Amino acid sequence: MACLKVHGSVVSTAALRVITCLNEKDLEFEFVPINMGAGEHKKEPFISLNPFGQVPAFEDGDLKLFESRAITKYIAYEYAGKGTQLIYPDPKKMAILGVWMEVEAHQFDPAASKLIFELVVKPLMLGLTSDGAVVEEYEGKLAKVLDVYEARLAESKYLGGDCFTLADLHHLSTINYLMGTQAKKLFESRPHVSAWCADILARPAWTKALAMQKKP
Ligand SMILES: N[C@@H](CCC(=O)N[C@@H](CS)C(=O)NCC(=O)O)C(=O)O
C-alpha cells in the first residue's frame with residue numbers, strides 16, 4: 001500500500017479530524033509535524049501542498065489533498081473496506097449524512113471555531129484576554145445550532161443516521177476543545193446532545209488521536 005502522510009500539528013482541530021478518520025479506518029500513516037509557531041505552514045515545502053498555508057495536508061502516494069473534510073471523505077471512500085464504515089452505500093442515506101456534514105461545516109464550525117479562538121487560543125496560546133462580548137455572541141449562535149442538534153438526536157442516535165459516521169467524526173476535535181471551556185454548559189444542558197458527545201468522545205480512534213498531543 002502507498003504510504004499515507006498527514007502534514008500538520010497535533011493541536012489543529014482540522015489535522016485531528018483527519019488523524020481520527022485514519023484511526024477509525026485502522027490505517028497506518030506517517031505524521032509529518034509542521035511547526036506553526038515558526039510559520040512552517042506559510043513556507044515551502046508545505047505551501048506547495050496547501051497554497052492557502054493551512055494545516056493539514058495529506059498524501060496518498062501521488063494524490064495530494066488539503067481541506068480536512070475533503071480528506072476524510074476520500075479516506076472513507078477509498079478505504080471503504082477497512083475499519084469503521086463512515087459513509088453509507090445507499091444514496092438516500094448518504095444524502096442525509098451529507099446534509100449533516102454540511103451543517104457541521106457551515107453552521108456548527110463557524111461558531112465553535114470562534115469560541116475556541118476566544119476561550120482557548122487567545123488565553124492559553126497567545127497570552128491574550130478573551131473578549132466577553134464576542135464569547136456571548138457566539139455562545140448564542142452555538143446554542144441555536146445545538147437546539148437543532150437536540151431535536152435531531154432525539155430521533156436519531158447519530159447525526160447522520162443510526163450509525164457513527166463522518167458527520168459525527170467531523171465534530172470531535174472542536175467539541176473536545178469546547179468541553180474544556182465555559183461553553184461546555186451549552187452541550188451539557190441538552191440531554192441528547194450531552195449523551196451524543198459522551199458517546200463519540202469515548203471512541204478509541206479519538207482517544208488515540210488525542211494521545212498524539214502527549215507524545216514528546
Ligand atoms: N477548512 C480547512 C481549515 C484549516 C485550518 O483552518 N487550519 C488551521 C489550524 S486548525 C490553520 O492552519 N491555521 C493557520 C492559518 O490559517 O494561518 C480544513 O478543514 O482543513
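The buried residues of helix H5 are covered by several elements, among them helix H4 (91-125), helix H8 (184-188) and helix H9 (191-201). The buried residues themselves are Tyr138, Glu139, Leu142, Leu146, Tyr149 and Leu153, where buried stands for 20 or more other C-beta atoms within 10 Å of a residue's own, exposed for 12 or fewer, and partly exposed for what lies in between, with C-beta atoms placed from the backbone. Helices here are DSSP runs (H or I, at least four residues), numbered from the N terminus. This is a predicted model, in which local features need pLDDT of at least 70 and side-chain atom pairs count only at pLDDT 80 or more, while totals for chains, interfaces and linings use all residues. Residues are numbered from 1 along each chain as its sequence is written.

An α-helix has 3.6 residues a turn, so residues three or four places apart point the same way.

Two helix pairs can be set side by side, with axes fitted as lines to C-alpha atoms over the stretch in contact and angles running from 0 to 180 degrees between N-to-C directions.

| Pair | Axis separation | Angle |
|---|---|---|
| H4 and H5 | 9 Å | about 150° |
| H1 and H10 | within 8 Å | roughly 130° |

The angle makes H4 roughly antiparallel to H5, a label for angles over 145 degrees, whereas under 35 counts as roughly parallel, 65 to 115 as roughly perpendicular and the rest as oblique. On the H4 side the contact (C-beta atoms within 7 Å) includes Phe108, Ala111 and Leu115, and on the H5 side it includes Tyr138, Glu139 and Leu142. The residues of this contact divide into 10 nonpolar, one polar and four charged, with Ala, Val, Leu, Ile, Met, Phe, Trp, Tyr, Cys and Pro counted as nonpolar, Asp, Glu, Lys and Arg as charged, and the others, Gly among them, as polar.

Helix H8 contains Lys185, which is exposed because 11 other C-beta atoms lie within 10 Å. The C-alpha atoms of Lys185 and Glu139 are separated by 9.9 Å, although these residues are 46 residues apart along the chain.

Helix H1 (residues 13-24) and helix H10 (residues 204-211) form the other pair, and they are therefore oblique to each other. Leu16, Ile19, Thr20, Asn23 and Glu24 in H1 meet Ala205, Trp206, Lys208 and Ala209 in H10, a contact whose residues divide into five nonpolar, two polar and two charged.

Methods: Helix = DSSP H or I, 4+ residues; strand = E, 2+ residues; numbered from the N terminus. Contact = placed C-beta atoms within 7 Å.
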